[in-house]
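Me: I would like a close look at one part of this complex, and then an account of how the rest is arranged around it. Please keep it plain.

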Amino acid sequence: MAERAIDVQGLVREYKKGPRAVDGVSLYVETGEIYGFLGPNGAGKSTMVKMLVTLLPPSGGRATVGGYDIASQGDEVRKVIGVALQEAALDPLLTGREHLFLQAGLNGFPKKRAKERGEELLERVGLSGAGDRKIGTYSGGMRRRLDLALALVHSPSIIFLDEPTTGLDPHSRSALWEEVRRLARDEGVTIFLTTQYLEEADVLARRVGIIDHGRIVAEGTPEELKAQVGGSTLEVVPAQESEKERLEATLARFGALAAGSGDSGVAVRLRDRGAAVAEIIRALDQAGVAVSDLALHSPTLDDVFLARTGRPLESGDGEPDGQPAAEAAAPESEPEIDLRMAAAGRSKIERLPTAMLKDWMAERHLQGARESARQLGTPTLTITKGPLAGKQVNVDGRLVIGREGDLVISHPEISRRQCAILVVDGSLVIDDLQSLNGTWVNGKRIELPTLLAPGDAMSLGTSTIEVSAPQPPSLVSGPGA
Amino acid sequence: MNASFGTQLRLLARRSVVRTFRDPGSIIPAVAVPLILFVVVSAGLEKATHVKGFPTDVIWTFTLTIAFANGAMVTVANTGAAIATDIEHGFINRLALTPMKGFVLVAAQLAGALVLGLIQAVVFLGVGLAAGARFEAGALGALVLVLLFLTSVAAFGAFGIFVGLRTGSGQAVQAIAPLMTVFLFLSSVNFPRNLITADWFKWVATVNPLSYLVEGMRSVLITGWDKQALAYGFAFAGGLLILMIAAAAMSIQGRLVRT
Amino acid sequence: MRHATFWSITRYVAWRNLRILLRSPTLLVPALLLPLFFLIAFAGALSNLTNLPGFGTKDYTAFQYVFALMQSAGFTGAMGGFAMAEDFESGFMDRLMTTATSRAAIISGYVLAMLARGLIAVAVLTPIAFAFGMRMHGSVLEIVGLFGLAALLNIVATLWSTGVAMHVRSFAAAGGMFLPLFLVLFLAPVFVPLSSLTGWLHAVAVVNPFTRLLEAGRGFITGQPKDVLWAFGALAAMVALSTIWALRGVRSAARAG
């Protein structure tokens, strides 16, 4: 076996329209190594994997897997690799055992041996009890486990795992991590793992490659990468908000200031890993600034990504290969939803540029509403205070673009489920008022009254919105008025 | 290690049969719908036997073909849906990663349809005979009918696989089924071709290849041994079978994307 | 909100529905295609049946046209329920229910809209039937009677399906609307007149009110009216029953809020 289990040189994948999904990626993975391939959604991870496992021909560049060329020696490549893709590739009407038996048989195992191998693997992934149930009855975690078992049937020396723990509960996740570690450690299997969870890459991988928009933006061991970013960040929250400026002045002596995670916190980038903390506390004491909270954050791979691309890793971004973005929550933080659009009960996370608003409103969800608004009167919503004061809004699509977090419009007359239109970051979100209420958007919590009637005023942040009575056209005056 | 063609075929055929019988959604329409059509049309057309020149005086003998013809067509939806499911769930990728050959998968998918076809044939024969249908060609004739029926099941099954592979969508396959029924009704399935008085329809039925399949099936019931009718029937079913298997085998390469 | 009269609400709902149809005319396709298909397939294949004793006419296309006409009228009426279910899903119905002073007017709006749809469907169906050899042998009054039957059937179908939609208020009922309609349509003298049916089918067809419609309609088109009172009587009863059903649906929907 070659020293490099996977060797990729300038691999490219183009689509007919739009940017390249994979734009000249070069990397290598040594035999027996666990390599973590990390990147936000739409970065090109899955496309890379599909090419390396011969399910997608590359548009350019070269790569060898197990010493075989992926473009010309596909059959040989497939013999030495095991694959578990993002979507567990299973047949809902077959049982677990039947899947394994079929897989083993197709790979050339004689009947008896195939059965034995199947049992072995079921045992290994902890599905022996559920082996005779149809896949349709399996939970998501069970399906992933079976998928892994199927990938292992012919004892491959290289395994590709595409986002193996997305959507799994913590218990299943650790079990899978343990199995991956065991495979690499005890059996010398090379593992190419793609993930959007930096924790996963951090914990499992010996080396990590970070991809964004089809290009590698950073590669190395996690320690190397984090060291490149610099030191830790210290975040301090003053006991009294009025002290904030003095706090900033004090901290500025120790490093560059950065935005705190709340309204009143201040963060400072330290040059090293935290030796200065003691000094800082003394300085704050001397300055007489009372502190209510103090936290030291070591750089994470997220910071690495941020440093290289100017964006945080775990916020989820555009989707060039058309894959739906998963919910970007790190399990411990508040349910942070960037944008949410509910159409007839289905939720999707998407950014909506203003230009798309009209298209979106053409969707059924609002069509009746918009029509009735037109037929039966459009109330005028006037913003009376704040940065957008004086602007008027109606629901016909001519909306005002505000700054981040500003402005919520609710049209109580549209439908039973009051519709809210929120402007965030130059984009528009349209959703149920009820669903937006109490959620966080870009760091701000939304509290909305549940019903607005003509004459009501509502404030959000620094803006105030007043709802005036609709001007009803008369039904009698005829249709299409 | 590579499994031989025979082993691949055996394994995948077994899967196809097992799946067919685990999905009541494919069994019930295959048996119930043709029977319902058979019963309703027969009841409505009972007096047709009084028309001058009608080839039989028991309507059930004439209309039993409807069950068999329609029963064969239902296969399209079944095999199409099965392969579309494999595509939609990504199982086709898993198969692509094994040494399995594409055309073996196509042939194997027909196994389920054929086994179901046997059951359909038994049920239709049973109900038909109970209703009073008679075979002029006797028991051997019934066997020939079943053979012709199974050939057309395979042919339509291959067509369904072709559609499923091209569209990759279960919904598209479902949309084809009513279209096939339209085709069937624009043939001589409901009335003897030589007795049709509307000239334009007679022309439609004459150019519709399904008429020949239907007449081939019907001949063993109402005529006895009509070599020409049987020849036409088998020619249609056999020809369609070969054509569709070739088409499906070519299409599968597009789905088993692998370098 | 100014008070709108019963008629203005009716007009508004009907007009809106018509605009929806004009925007996507393919909505009419299923209600048109099936009757058309049957007309062509049966009129073509089975025309020899007119030679049976006691058939009553030589024009099999006209015979089948009546069946297709009634199917078409019935299906377009049943689409009222679909349209209403969509309006429930999109939230438009909520708006309408809260502002309309007469909710029964909403129903009548749908009735009007479906009559219009039925009219369009028939306008497409009829020339095609003529092209396939149908002739209308009845007098003007009799032809009016024929279309009158169809119109009443259409109204019954609309009232019934919108009643279902009002009770269920979602798409779930959609399939359920068509199935009973299908059964009623086919357990009737489809290929031959009632007198030529035998056995269990005859027994079922005799009690099926749709049979009277078919027989009366066929009587009108061939100029030999029969069962006229039966047919109109049955229809009148069905109109009354379905109106009650629809109004109860309105009350149920209003109660649910």
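Which residues of helix 1 of chain C are buried?

Reply: This is a predicted model, and what follows should be read with that in mind. The buried residues of helix 1 of chain C are Ser8(C), Ile9(C), Thr10(C), Arg11(C), Tyr12(C), Val13(C), Ala14(C), Arg16(C) and Asn17(C). Helix 1 of chain C runs over residues 6-23. An α-helix has 3.6 residues a turn, so residues three or four places apart point the same way.

Leu187(C) sits in the loop that joins helix 7 (174-186) to helix 8 (199-207) of chain C. Leu187(C) counts as buried because it has 20 C-beta neighbours inside 10 Å, and 20 is the number at which a residue is called buried. Leaving out residues up to four places away in sequence, Leu187(C) touches Val204(C), Ala205(C) and Asn208(C). As for Ala41(C), which is 146 residues away along the chain, its C-alpha atom is separated from that of Leu187(C) by 18 Å.

Chain B is made up of 10 helices and zero strands, and its pattern along the sequence reads α-α-α-α-α-α-α-α-α-α. A compact globule of 259 residues would have a radius of gyration near 18 Å; chain B has 19 Å, so the two agree. Taken along the principal axes, the box filled by the C-alpha atoms of chain B is roughly 65 × 35 × 30 Å. Of the 259 residues in chain B, 52% are buried. Among contacts in chain B with a separation of 6 or more, 81% are between residues 24 or more positions apart.

Chain B also meets chain A: 24 residues of chain B are in contact with 26 residues of chain A. On the chain B side, helix 1 (5-22) and helix 4 (91-96) are the elements that give two or more residues. Helix 1 of chain B gives the most, with six residues. By residue type, the chain B side divides into nine nonpolar, eight polar and seven charged residues.

Chain A contains both kinds of element, with 14 helices and 25 strands. Of its 481 residues, 42% count as buried. Residues 24 or more positions apart account for 61% of the chain A contacts with a separation of 6 or more.

Strand 9 of chain A (residues 207-212) gives a buried example: six of its six residues are buried, so the strand is largely enclosed by the rest of the structure. In a regular strand the side chains alternate between the two faces of the sheet. Here Arg207(A), Gly209(A) and Ile211(A) point one way, while Val208(A), Ile210(A) and Asp212(A) point the other way, and all are buried. Strand 9 pairs with strand 3 (residues 34-38) of chain A in the parallel sense over four bridges, and there Phe37(A) stands opposite Gly209(A). Strand 9 also pairs with strand 10 (residues 215-220) of chain A, in the antiparallel sense and over five bridges; in that pairing Gly209(A) stands opposite Glu219(A). The hairpin of strands 9 and 10 of chain A has two residues between the strands, and His213(A) takes a positive phi near 50° in it.

A separate entry for chain A is an open sheet of four strands in the order 2-1-4-5, with antiparallel pairing. Strand 2 (22-30) and strand 5 (68-69) are at the edges, each with a single partner strand, so one side of each is left without a neighbour in the sheet. Strand 5 pairs with strand 4 (residues 60-65) of chain A in the antiparallel sense over two bridges, and Val65(A) has Tyr68(A) in strand 5 as its bridge partner.

Finally, a caution on chain A. Its average pLDDT is 69, and 62% of its residues score at least 70. The pLDDT is below 50 over residues 394-438 of chain A, although this stretch has 132 contacts in the model beyond near neighbours in sequence. Residues 467-481 of chain A also fall below 50, with 34 contacts counted in that way. Where pLDDT is low, the predicted coordinates should not be read in detail.

Technical notes
Residues numbered from 1 in each chain as written. Chains lettered and ligands numbered in written order. Predicted model: local features only at pLDDT ≥ 70, side-chain atom pairs only at ≥ 80, totals over all residues. pLDDT = per-residue confidence, 0-100. Contact = placed C-beta atoms within 7 Å. Buried ≥ 20, exposed ≤ 12 C-beta atoms within 10 Å, placed from the backbone. Expected span 1.5 Å × (residues − 1). Nonpolar A, V, L, I, M, F, W, Y, C, P; charged D, E, K, R; others polar. Rg over C-alpha atoms; globule rule 2.2 N^0.38 Å. Pairing = 2+ DSSP bridges.
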